[in-house]
Amino acid sequence: MELFDVYPINNIEIVKASGSSVWDENNIQYLDMYGGHAVISIGHTHPHYVKRITDQLNKVGFYSNSVKIPLQVELAEKLGKVSGKEDYQLFLCNSGAEANENALKLASFYNNRKKIIAFSGAFHGRTSLAVAATDNPKIVAPANETDNVTFLPHNDEAALEQAFADYGNEISSVIIEGIQGVGGIRLASDSFLQKIRSLCDEYNAVYIADSVQSGYGRSGKFYSHDYAGVNADIYTMAKGMGNGFPIGGVAIAPKFKPWHGMLGTTFGGNHLACAAALAVLEVIEQGNLMENAAAVGGYLMSELEKFEQVKEVRGMGLMIGIELPEDLSHVKKDLLFKHHIFTGEAKPNIIRLLPALNLSKADADLFLEAFGKVLKAEAESLKQKA
Ligand SMILES: Cc1ncc(COP(=O)(O)O)c(C=O)c1O
């Protein structure tokens, strides 16, 4: 059997990883400014993480949700505390798309309505409703298409007000990323999130904060939506939650009342996933990683703004987008193959930085130095071509 070829891959095999470094099969060391797509939150193979998962595996790796799993309770308590949402309830699942799927479903159960508001540039996952609420027709299969999702312009308060005025009593939920990731690191404005909150209150619609990429401390606050100073009804999370162990979660406000069978999953909340997620929260808390993300991220952003060729730097904490002119679309590849630094991209000319939350200032400086060299070389080669 062959692999189903859906990923454009780099010809690199990673065989070892530690902190913000990974090594390939030739023992070449790379700086990981990408975190395997915002997944590595506490650094690769963190000793506490490895120990907690290993210890758990030696006791029990999996049993289904038909028995008591005290680790789930421990995780819910810890997550409530670290995120500052202690009165919320936790539903555990396995991925970001699944978390959003469950959130949209829960909202619809809650107010018995069908319509969903999403925004231009949004990415919420690749399954059923999550992909229908994703602004990329290319990945929406005919069977996913639905009239229940309406896309409005991002950060456009007037358009949102108009939609609620026109059919507010039919709107089940509004789903929004605090910082759009795939969409190119675009922040939802505080006043836009506040407007969503007040309109949802007025019309009994549900405000869903997709924190799959921007959450879990990456922005410097636990949920990037929290910068707006209002609570969402539901927060979805995944990526950084397990530092690579697949786990997703839905934090649900107290007003939602569960009933048996309302949501469910085979693997969600299994023993190993809970051990991984607990280890992550323990390291985030003990190492003050949210503060580190804010400090090192702020430093990176202010240094990046100094480069002449950089058109714009966007982001919060360690979720950073660097927009370059379109003719500088080779920078990401040069960083990887000439300087051994992994970064992400939203478009070839928009580089995304999504490193571990404990990235050191020294590693940030390493990146800045290499980035400067690449920009200089690109500028020189463009000059020669001209
Ligand atoms: C904001 C956001 N929501 C949802 C998802 C989907 O998560 P997953 O790939 O774990 O299904 C992603 C993935 O990139 C994302 O960035």
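Predicted model: local features only at pLDDT ≥ 70, side-chain atom pairs only at ≥ 80, totals over all residues.
Local features need pLDDT of at least 70 and side-chain atom pairs count only at pLDDT 80 or more, while totals for chains, interfaces and linings use all residues. Residues are numbered from 1 along each chain as its sequence is written.

Helices (H or I, at least four residues) and strands (E, at least two) are DSSP runs, numbered from the N terminus. Helix H4 covers residues 96-111. Its expected span is 1.5 Å times one less than its number of residues, so the 16 residues should span 22 Å, in agreement with the 23 Å between its end C-alpha atoms. H4 is mostly covered, with 12 of its 16 residues buried; buried means 20 or more other C-beta atoms within 10 Å of a residue's own, exposed 12 or fewer, and partly exposed in between, with C-beta atoms placed from the backbone. Among the buried residues are Leu104, Leu106 and Tyr110. Asparagine 112 follows H4 and has a positive phi, near 55°.

Alanine 253 sits in the loop between strand E12 (248-252) and helix H8 (271-286). Alanine 253 counts as partly exposed because it has 17 C-beta neighbours inside 10 Å. Not counting residues up to four places away in sequence, alanine 253 touches Tyr88, Asp233 and Ile234 (contact: C-beta atoms, placed from the backbone, within 7 Å).

Four strands make an open, mixed sheet in the order E1-E2-E3-E15; strands pair if DSSP finds at least two bridges between them. E1 (14-18) and E15 (341-342) are at the edges, each with a single partner strand, so one side of each lacks a neighbour in the sheet. E3 (residues 29-32) pairs with E15 in the parallel sense over two bridges, and leucine 31 has isoleucine 341 in E15 as its bridge partner.

Note on methods: Contact = placed C-beta atoms within 7 Å.
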